[in-house]
Amino acid sequence: QKLMQLEVKKSNETEILDLKIEQQRKELDLLENEANFLKNFAPVDGTIGDVMAQVGELIPPYNTIMSLYETNPSVIKAYMNEKNRYNISVGDKVLVESSNRDYYISGTVTEVGSRIVTYPTRLLEVQDRKIWGQEIFVKIPENNDFLNGEKVYVRAQ
C-alpha cells in the first residue's frame, strides 16, 4: 500500500516537473524569438564611424547607437534651426554645398524630422552653447565627391 502511494506521488511529481519543463521551454522559445526580432542589420555596407553606446548601457528610444558611413555618402543629414521657419517638404530639390571647397550637387529631401534635436557639437560655433533644430535628410547621387563626415550647407533651390 505504501509502495503504491509512493509510486502515485512520484508519478504526480514527475508530471508536474514535465509541465514546468515544457513551460520553461516555451518561455525560452519566446525569448529567443524576441531576441531575433531585436537584431537590426545595417541596410548598406560601410564603415563604422562613431559608437555612442557602451555594452550593457540602457539607450533611450530614438537615440543613435552608432553611425555607419557608406563608401560614398548618398544621404545628407541637415538641421533647420528651431527659431527659423523654412518651407521645406519631402520631395523638394535642394543644393548641397561643401563648406570648405567649391563643390556642390543637387539633392532631394527624403525626410523631414518630426522632432527637435540638438545640433552635433561639430556644427556649433560656440562649443558650450547648444542649438536645437529639426533634422532633414537629403538624398544625393551616389557618384559624388563628398567625403564621409564633410560639413555641408543645404540650400533650397
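**Aromatic pairs and a nonpolar core**

Tutor: In this predicted model, Tyr103 and Phe146 are both buried.

Student: What makes the pair of Tyr103 and Phe146 edge-to-face?

Tutor: Their ring centres sit 4.9 Å apart, and a pair needs centres within 6.5 Å. The planes are at 75°, and over 60 degrees counts as edge-to-face, so that's the label they get.

Student: Where do Tyr103 and Phe146 lie in the chain?

Tutor: Tyr103 is in the loop between strand 4 (93-98) and strand 5, while Phe146 is in the loop between strand 6 and strand 7 (152-156).

Student: How many aromatic pairs does a search of the whole structure find?

Tutor: Two.

Student: Why is the pair of Tyr79 and Tyr119 called tilted?

Tutor: Their planes are at 35°. Stacked needs under 30 degrees and edge-to-face needs over 60, so this pair, with centres 5.1 Å apart, is tilted. Tyr79 belongs to strand 3 (residues 75-81), and Tyr119 to the loop between strand 5 (104-118) and strand 6 (132-139).

Student: How do you know whether Tyr79 and Tyr119 are buried or exposed?

Tutor: Check the relative accessible area: 18% for Tyr79 and 15% for Tyr119. Buried means under 20%, so Tyr79 is buried, and so is Tyr119.

Student: Which residues touch the most other members of the largest nonpolar core?

Tutor: Val96, Val138, Ile140 and Phe146, out of 14 residues. Strand 3 gives the largest share, three residues. Leaving aside neighbours within four places in sequence, Val96 has contacts that include Tyr103, Val138, Ile140 and Phe146.

Note on methods: Residues are numbered from 1 along each chain as its sequence is written. This is a predicted model: local features need pLDDT of at least 70, side-chain atom pairs count only at pLDDT 80 or more; totals for chains, interfaces and linings use all residues. Side-chain values use heavy atoms; hydrogens and water are left out. Rings of Phe, Tyr and Trp (its six-membered ring) pair if their centres lie within 6.5 Å; planes under 30 degrees apart count as stacked, over 60 as edge-to-face and the rest as tilted. Helices (H or I, at least four residues) and strands (E, at least two) are DSSP runs, numbered from the N terminus. Buried means under 20% relative accessible area, exposed over 50%, partly exposed in between (1.4 Å probe, protein chains only). A nonpolar core is a set of buried Ala, Val, Leu, Ile, Met, Phe, Trp, Tyr and Cys residues joined through side-chain atoms within 4.5 Å. Contact means heavy atoms within 4.5 Å.
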